Amino acid sequence: MVLKVFRWSPGSRERLQKYWVKARQGMTVLDALVELQRNSDATLAFRYACRVGMCGSCAMVVNGRERWACRTLLSNLARGPVTVRPLYQFPLIRDLVVDMAPIKNKMLEMKAVFVPGRRAMDGDGFAQIGSRTRERRAIDAAIECIGCGMCVSACTMVSHDPNFPGPAALNRVFTLQRDSRDGAHADRSQAVLAEDVLTRCHGQANCTAVCPMEISPTDSILALRRRAVLRLFGIGPR
């Protein structure tokens, strides 16, 4: 099987380099990259950690779609050369490795950081929200985001408007706005009303389509919109 792998390092031109891999049963894209690095080309740079579909550090674009390399079987891909390139929308560091800082920076811009409010503590320490409560169920799926960046890579609005926070940051905002222990709802509400935030999302749901955790950032953004509209009419939470 032929892999066409994106190569770039500072001072060099971007290119796709061909490698030949003997595909075995159960071999993943990550397995193939590791084998290439160990046996053919030690200069090939890519990132991975857990190798079992938990950490998300091996996120990349395989045959034009964002995927976790450790979960992508070569046998499940279409015949022909397999193209592997780094995530879109992120600064390149080298080859398949990108700088993930934009996710953190966008979260900070959107104040997507927990700020303890008056309800943060109770008599037993940090206040608990029961797993079966309505409050917890509302954000149960959204809190599973591990920041792998695939949703940001797939978002066409991120590529169009650099001021748009992106689906990962807005998903995080959604979870905090529904957390009764948080004390920064009002500040965050002002942030999401900025011109380049909620109204910029066109609902194409590319973020939801590629999320390996089966989270729907699209739904989180729509929930924030509903909340913002209700607030504008003075009938919603702050």
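Is Asp182 buried or exposed? I opened my notebook with that. Asp182 has 6% relative accessibility, so I filed it as buried. I keep in mind that this is a predicted model.

**Entry 1: Asp182 and its partner**

I looked for what the side chain of Asp182 meets. I found a salt bridge with Arg188, at 3.0 Å from N to O. Then I checked the cover on Arg188. Its relative accessibility is 0%, so Arg188 counts as buried too. I also noted a network: Arg7, Asp41, Arg94 and Asp95 are joined by salt bridges that share partners.

**Entry 2: other salt bridges**

How many salt bridges are there? I got a count of 12. I wrote down two more examples.

Lys106 and Glu109 form one of them, with N to O at 3.6 Å. I asked how these two sit along the chain. They are 3 residues apart in helix α2, so about one helical turn separates them. Lys106 has 16% relative accessibility, and I marked it as buried.

Asp140 and Arg136 form another, at 2.6 Å from N to O. I looked up the cover on both ends. Asp140 is partly exposed at 28% relative accessibility. Arg136 is partly exposed as well, with a relative accessible area of 27%.

**Entry 3: the whole chain**

I stepped back to see the overall layout. The chain holds 9 helices and 9 strands. Its C-alpha trace spans about 60 × 40 × 30 Å along the principal axes. The chain has 238 residues, and 44% of them count as buried.

**Entry 4: aromatic rings**

I turned to the rings. The count is 2 aromatic pairs. Phe46 and Tyr48 make a stacked pair, with centres 5.7 Å apart and 20° between the planes. Phe46 is buried, at a relative accessible area of 11%. Tyr48 is partly exposed, at 30%.

Phe114 and Phe126 also pair. This pair is tilted: I read 5.9 Å centre to centre and 55° between the planes. Why does this pair tie together parts of the chain? Phe114 lies in the loop between α2 (101–109) and β8 (121–122), while Phe126 is in strand β9 (residues 125–126), so the pair links parts 12 residues apart in sequence. Phe114 counts as partly exposed at 24% relative accessibility. Phe126 is partly exposed too, with a relative accessible area of 39%.

Arg85 lies over the face of Phe6, at 5.1 Å from the ring centre.

**Entry 5: cysteines**

How many disulfides does the structure hold? I found 0. I wanted the reason, and I began with Cys155. The closest cysteine sulfur to that of Cys155 belongs to Cys207 and is 6.5 Å away, which is too far for a bond. The cut-off for a disulfide is 2.5 Å between sulfur atoms. Cys155 is buried, at 12% relative accessibility.

Cys211 is in no disulfide, and its nearest cysteine sulfur, in Cys148, is 6.4 Å away. Cys211 counts as buried at 17% relative accessibility.

**Entry 6: two loops**

I picked Ala184 and asked where it lies. It is in the loop between α6 (167–177) and α7 (185–192). Ala184 is buried, with a relative accessible area of 9%.

Arg47 came next. I placed it in the loop between α1 (29–39) and β3 (59–62). Arg47 is partly exposed, at a relative accessible area of 30%.

**Entry 7: a nonpolar patch**

Which residues make a nonpolar surface patch? I listed Leu193, Val229, Leu230, Leu232, Phe233 and Ile235. The patch covers about 630 Å².

Ile235 has 62% relative accessibility, so I wrote it down as exposed. The cut-off I needed here is over 50%.

Technical notes. Residues numbered from 1 in each chain as written. Predicted model: local features only at pLDDT ≥ 70, side-chain atom pairs only at ≥ 80, totals over all residues. Heavy atoms only, no water. Patch = residues over 30% accessible without salt bridge, like charges linked within 9 Å, V, L, I, M, F, W, Y side chains within 5 Å. Areas by Shrake-Rupley, 256 points an atom, 1.4 Å probe, with all protein chains shown as cover. Salt bridge = Lys/Arg side-chain N within 4 Å of Asp/Glu carboxyl O. Buried < 20%, exposed > 50% of the residue type's maximum accessible area, 1.4 Å probe, protein only. Phe/Tyr/Trp six-rings, centres within 6.5 Å; stacked < 30°, edge-to-face > 60°. Helix = DSSP H or I, 4+ residues; strand = E, 2+ residues; numbered from the N terminus. Lys NZ or Arg CZ within 6 Å of the ring centre and 35° of its normal.
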